[in-house]
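Dear colleague,

I am handing over the structure we spoke about, and I would be glad if you could look through it alongside the notes below.

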Amino acid sequence: NHGPYKVEKLDAESFADTIEEMIAIYDWEIAQVQLNLLGSHDTPRFLSMVGGDASALRLATLCQMTLPGAPCVYYGDELGMTGGYDPECRGAMPWGDIEARKGATWQTIKDLIRIRKENPALRRGRYKTLSAKDDIVIYERTLDDKRALVVLNAGTQSFKTTLPANGLSKVVYGDPNRLTLDRDDITVSVPARDGLILT
């Protein structure tokens, strides 16, 4: 229960199906430029919607920055701003308190923006769900010979899986020690409430 806000909980399969449906609604050229928001001046702030769970915001941002479309960060989300329905969601930017508010969420969002800029497959690549079960979603973005693999673990337990490498060899988001390369396969270990991006 997240207070007065209705947040629908989806398992991994329903979540992946919803993403696939959203992408398929429009021609691919349009899907690539759709504005992807986690919050705006018309909605309660994301952190308020999830009961202050900063790991939910970081996971959602990881997803947002790796899906087709143009991601948009609503001002102050990176600093943990909260607020309910309008006008609470339009609170003033805490200019005098910014340095003190920079923490794990700010760093995560900054890193994910950089990773998206550095990897064309995350900006323009085709999207495909590879696996969706329980609390784990795995998808890839491909552009010509470039590939990025995203693993999201929304669960409360760490997760380990082995996948065909298909050219993947580097962790660009997450702990590099969580990847093991063995000939044609990779094994990844993803902590609870976290994710990885591999290229």
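Predicted model: local features only at pLDDT ≥ 70, side-chain atom pairs only at ≥ 80, totals over all residues.

The secondary structure of the protein comprises 7 helices and 10 strands, and the C-alpha trace extends over about 55 × 40 × 30 Å along its principal axes. The radius of gyration is 17 Å, which agrees with a compact globule, because a globule of 199 residues would have a value near 16 Å. Of the 199 residues, 43% are buried, while the accessible surface amounts to about 11,000 Å², with 49% of it belonging to carbon and sulfur atoms. Among contacts between residues at least 6 apart in sequence, 59% join residues that are at least 24 apart.

Turning to the sheet, 5 strands form an open arrangement in the order E3-E4-E5-E10-E7, and their pairing is antiparallel. Strand E3 (126-133) and strand E7 (171-173) are the edges, each pairing on one side only, and neighbouring strands are turned against each other by 25 degrees on average, with direction ignored. Within this sheet, strand E4 (residues 136-143) and strand E5 (residues 146-153) run antiparallel and are joined by 8 bridges; Val137, for instance, has Leu152 in E5 as its bridge partner.

Helix H1 (residues 12-24) packs on the sheet, where it touches E3, E4 and E5, and its direction makes about 165 degrees with that of E3. Helix H6 (residues 104-118), in turn, lies across E7 and strand E10 (194-198), running at about 125 degrees to E7.

Terms used. Residues numbered from 1 in each chain as written. Heavy atoms only, no water. Pairing = 2+ DSSP bridges. Helix = DSSP H or I, 4+ residues; strand = E, 2+ residues; numbered from the N terminus. Axes fitted to C-alpha atoms, helices over the stretch in contact; angles between N-to-C directions. Contact = heavy atoms within 4.5 Å. Rg over C-alpha atoms; globule rule 2.2 N^0.38 Å. Buried < 20%, exposed > 50% of the residue type's maximum accessible area, 1.4 Å probe, protein only. Areas by Shrake-Rupley, 256 points an atom, 1.4 Å probe, with all protein chains shown as cover.
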